[in-house]
Amino acid sequence: MKSDWSVSRRAFLTNIARTGGAGAAYAVLDALGATALAIGEAHAYAGPPPMPAGIGKGKRVTIIGAGMAGLTSAYELSKAGFTCTVLEARARPGGRNWTIRGGDLIEQSDGLQKVNWPKAPHLYFNAGPARIPHHHHALLGYCREFNVPLEIMMNDNRAALYQDDAVFGGKPVEAKQVIHDANGHFGELLNKAMSSGGLDKELSKEDRERLREVLAVFGDLKADGRYHGSERAGYTEPPGAALKFGKIRDPLPLSELLKAELWQYKIAFNQNYEQTSTIMQPIGGMDQIPKAFAKRIGHMIRYETVVDEIRKTALGAKVICHNNKGQKTSIESDFIICTMPLSVLRNVPNDLSPNYKKAIAEVRYDTPAKIAFYAPRRFWELDNDIYGGMSWTNREITQILYPSQGIGQRDGVLVGAYSFGVFPEDDMSRVSVSERLKNAIVSGEHMHPGYQRMVRDGVSVAWPNVKYSQGGWASWTAEQKNDIYRTLQEPDGAIYFAGEHLSNLPAWQEGAILSAHYAIEKIATRVRS
Ligand code: PHE
């Protein structure tokens with residue numbers, strides 16, 4: 001593994017955290033006039049943009065894509081009287097919101113995979129989105145409105161593991177050790193710095209005294225101000241009855257901790273604004289959400305209908321498409337909302353203006369990939385006391401995610417790899433499916449000895465290879481954010497754009513929904529004037 005990865009990965013995550021903050025989301029909502037924000041009040045989501053009833057009467061809208069942005073647009077616009085047609089290339093709603101179960105077929109440009117797992121409610125794999133942060137109000141709002149039951153998705157687990165080939169002899173260590181031993185060492189170091197006058201300029205005498213007290217708690221330091229290990233990092237012999245007093249672990253050496261590429265950004269992962277507790281998931285799979293939309297607006301969706309051309313007309317705009325029987329149709333409407341990922345749209349012949357074409361062509365898409373395995377025995381629970389959460393590694397699988405669903409059951413489906421695909425070296429789609437699965441088993445073996453015998457029937461979804469997605473999520477540069485990103489916020493004639501790629505919550509369903517709200521509000525305003 002390259003050592004500069006950690007730096008770039010950290011930059012990526014910080015960037016996501018920075019660009020995806022609530023400030024951005026509320027700025028959008030504010031522009032819609034949908035918020036009554038009190039200073040310092042974070043919970044300001046007032047629902048989808050208000051639309052006078054019947055405002056869309058006699059107006060037709062063609063929505064390209066039945067992912068979260070398309071579904072949201074059709075649901076809200078049709079409530080306001082618009083006649084909506086949703087064109088969806090796949091045979092299901094949801095787009096990248098895709099839950100895979102036993103018996104399913106996974107079709108990718110690099111081959112067809114059959115999912116050979118048994119069928120049970122807890123045996124599923126969210127190949128796309130898998131987390132709902134507690135402050136994603138728009139998405140949570142639809143879950144409430146449609147009665148989609150949610151449960152906790154464990155996103156942080158101190159019993160999960162860190163494994164780095166370069167440190168600790170390549171052996172996995174528990175998150176609790178890494179976190180608390182680091183805190184202990186840092187606390188001790190600060191104490192030493194203060195004792196030798198190192199912080200005299202920065203801190204008053206009183207503040208130094210207070211800081212000593214804080215550090216004693218922060219690092220679980222002894223009276224001598226030093227770190228001698230802590231029960232927080234776990235035991236080699238756990239305490240029990242009678243004379244079983246317990247024996248705490250020896251602290252991990254500081255120099256090893258500092259060398260580990262792992263703990264640096266991976267520990268901070270759960271502190272990202274979007275990744276902190278509480279994170280939720282729909283019971284039974286993320287696709288319960290698009291299914292709930294489809295229950296209400298399914299009659300507007302034309303599945304297995306592929307868009308061939310997007311044209312401007314005197315009336316508005318027109319889509320030329322074909323269905324799974326090869327029948328071509330042309331659909332003219334007052335407006336189009338195009339929610340296709342730009343990675344797909346850039347290959348669809350269209351009449352868009354040159355600056356739009358340029359914007360669509362230029363943005364890069366990250367190349368995330370996941371792998372899932374069936375495990376007949378929940379070894380992570382039985383052998384490691386791991387219930388949900390994830391283990392991190394410096395290997396290409398990046399992490400192993402343990403299911404929050406089916407806790408305590410006999411078997412489970414676990415995510416054996418989730419690479420964000422931010423850098424070319426991270427792109428698992430470069431190698432064949434069978435090679436990816438083989439690599440994931442080798443890496444898993446470093447985390448859980450015996451892994452190769454404990455997991456089976458692996459499947460892999462590499463988003464660059466998924467037709468009609470061709471990538472994970474848009475990855476704008478700061479310059480693009482100031483330039484071509486803004487171009488696409490405005491319609492080109494009657495053609496509007498929406499999706500996670502046009503939000504400041506990239507790679508989140510919430511971003512797709514808020515972007516759809518933004519587009520439909522613009523249409524409503526235009527119709528009214
Ligand atoms: N939303 C995705 C996830 O939680 C992608 C993402 C990864 C976004 C890391 C931000 C940070 O997995």
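Predicted model: local features only at pLDDT ≥ 70, side-chain atom pairs only at ≥ 80, totals over all residues.

Visitor: Which elements do the buried residues of H9 pack against?
Guide: Helix H9 covers residues 288-297, and its buried residues (under 20% relative accessible area with a 1.4 Å probe, protein chains only; over 50% is exposed, in between is partly exposed) are Ile289, Pro290, Ala292, Phe293, Ala294 and Ile297. Helices (H or I, at least four residues) and strands (E, at least two) are DSSP runs numbered from the N terminus. Packing here rests on contact, meaning heavy atoms within 4.5 Å. The partners of those H9 residues are H3, strand S7 (132-133), helix H4 (137-145), strand S13 (279-282) and strand S14 (301-302).

Visitor: At roughly what angle do the axes of H3 and H9 cross?
Guide: Axes are lines fitted to C-alpha atoms, for helices over the stretch in contact, and angles run from 0 to 180 degrees between N-to-C directions. On the H3 side the contact involves Met68, Leu71, Thr72, Ala74, Tyr75 and Ser78, and on the H9 side Ile289, Pro290, Phe293, Arg296 and Ile297. The two axes come within 10 Å, crossing at roughly 30°.

Visitor: Is the crossing of H3 and H17 left-handed or right-handed?
Guide: Their axes come within 8 Å and cross at roughly 40°. That makes H3 oblique to H17 (under 35 degrees is roughly parallel, over 145 roughly antiparallel, 65 to 115 roughly perpendicular, and the rest oblique). For handedness, a near helix turned anticlockwise from the far one by less than a right angle is left-handed, and clockwise is right-handed. H3's crossing of H17 is right-handed.

Visitor: Why does Ser73 count as buried?
Guide: Ser73 belongs to helix H3 (residues 68-79). Skipping its neighbours within four places in sequence, Ser73 is in contact with Ile63, Ile337, Ala516 and Ile520. It counts as buried because its relative accessibility is 0%.

Visitor: How far apart are the C-alpha atoms of Asn324 and Glu304?
Guide: Asn324 sits in the loop between strand S16 (317-322) and strand S17 (328-333), and it's partly exposed at 49% relative accessible area. Glu304 lies in the loop between S14 and strand S15 (306-312), and has a positive phi near 45° without being a glycine. They're 20 residues apart along the chain, yet their C-alpha atoms are separated by 5.6 Å.

Visitor: What is the phi of Tyr468?
Guide: You'll find Tyr468 in the loop between strand S24 (456-462) and strand S25 (474-475). It is partly exposed, with a relative accessible area of 25%. Though not a glycine, Tyr468 has a positive phi, about 70°.

Technical notes
Residues numbered from 1 in each chain as written. Heavy atoms only, no water.
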